Amino acid sequence: MHFQAEESEVPMATTACFIIVSRNDIPIYETELGSAAKREDAAQLHQFVLHAALDVVQDLAWTTSAMFLKAIDRFNDLVVSVYVTAGHTRFMLLHDSRSDDGIKSFFQEVHELYIKTLLNPLYLPGSRITSSHFDTKVRGLGRKYL
Amino acid sequence: MGREVSESCVDSLLTEMVSSYCDRFYANKPELAARRIEAIGFQVGHQLSERYTMERPRFSDNLEAIKFICKDFWSELFKKQIDNLKTNHKGTFVLQDNRFRWLARMSIDPSSEDGDLSQDNSAPVTENKAAQATSMHLYFPCGIIRGALSNLGIPCAVSADISSLPACELLVMECIRLYLLSYAHCIAFISTARYSFFSQSRSSCMIIVIFHPCISERALRFR
């Protein structure tokens with residue numbers, strides 16, 4: 001079968017790495033989204049870039065009262081976008097250039113999921129999120145918005 | 001996510017919680033019961049603050065966070081705002097509610113052991129006991145406020161005071177941390193960790209001095 005790609009939509013491999021960092025700078029959730037083939041060194045590189053971007057987030061977070069901080073850091077052709085909640089939990093996404101609206105919606109939906117996780121009385125705030133349900137949902141949101 | 005709960009259910013739950021902790025679990029140890037109730041409130045406040053701050057921009061200031069507690073947070077919980085907010089601009093805030101919803105249906109009878117429902121009291125001893133009985137019900141909202149504020153980045157200690165029954169005052173004191181200058185210098189980690197209540201005779205506050213090397217992230221920002 002022959003698929004005709006439209007002018008505006010060029011199908012290409014997308015890479016994205018998403019982590020949630022708690023207020024104590026401990027990563028509580030990490031995942032690779034996107035459809036690129038997973039390479040071993042790429043995974044570590046992604047984590048390294050995201051953790052290095054934490055300093056930038058720290059400075060920026062105090063200058064604005066918005067939750068969604070757009071692209072705050074670049075590395076080669078990858079961009080880091082961050083969303084900070086009132087409780088200073090940071091959602092960080094490493095991606096190649098993508099539309100801001102999609103990313104913002106993705107962050108907002110993940111924020112709702114995160115609040116639902118927090119509402120669980122058996123979840124200790126600041127500990128790792130190990131629920132597979134959460135994982136599945138985040139991946140689904142990643143496919144939907146990214 | 002914005003569902004409502006019947007108020008009578010909440011009242012019954014709170015009354016039952018206080019009486020279980022005070023009369024059954026920690027029967028002769030009101031201090032421990034108070035701490036457990038306050039800890040439950042802490043977790044609830046933590047979760048609620050995360051939930052109610054979702055739609056609005058973040059806070060740039062401690063005062064804004066306290067104002068959020070007084071206005072939006074209180075109206076989500078009790079459908080009214082805090083009536084009066086006073087501050088000494090040095091980290092202490094007094095929140096006054098003239099008709100606190102969870103105390104609205106309570107009255108104290110000092111003559112009977114169970115605290116039954118009639119209005120007059122005169123003897124100071126019985127008044128003290130009655131005040132203590134009622135004050136156990138205030139540990140939960142104190143915990144809620146403390147949990148909400150710690151989630152917003154303001155470690156604090158909250159205590160409450162009942163002047164006349166449906167009105168109560170909540171006192172919020174921020175924990176002040178000074179810098180660790182050198183290992184030889186003492187850090188005053190001044191915290192008034194109070195689990196006992198004021199009654200007519202004000203209790204003095206405890207000042208705890210601890211060596212505390214941790215610096216809060218806000219303090220880092222102002223360096």
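Accessible areas here come from the Shrake-Rupley method with a 1.4 Å probe, and for residues only the protein chains shown count as cover. The model is predicted: local features need pLDDT of at least 70 and side-chain atom pairs pLDDT 80 or more, whereas totals for chains, interfaces and linings use all residues. Residues are numbered from 1 along each chain as its sequence is written, chains are lettered from A and ligands numbered from 1 in written order, and side-chain values use heavy atoms, without hydrogens and water.

**View 1. The surface and interior of chain B.** Chain B exposes about 12700 Å², with 55% of it from carbon and sulfur atoms. Of its 223 residues, 39% are buried (under 20% relative accessible area, 1.4 Å probe, protein chains only).

**View 2. The elements of chain B.** Chain B holds six helices and six strands (DSSP runs: H or I of at least four residues, E of at least two). From the N terminus the order is α-α-α-β-β-α-α-β-β-β-β-α.

**View 3. The interface of chain A and chain B.** In contact (heavy atoms within 4.5 Å) are 25 residues of chain A and 18 residues of chain B. The two chains bury about 2100 Å² between them, a value that is the accessible area (1.4 Å probe) lost on being put together, summed over both parts. A:Arg23, A:Trp62 and A:Ala86 supply 32% of the area that chain A buries against chain B, more than any other three residues.

View 4. Helix H1 (40-63) and helix H2 (100-119) of chain A each give two or more residues to the side that touches chain B. H2(A) gives the most, with eight residues.

Technical notes. Buried < 20%, exposed > 50% of the residue type's maximum accessible area, 1.4 Å probe, protein only.
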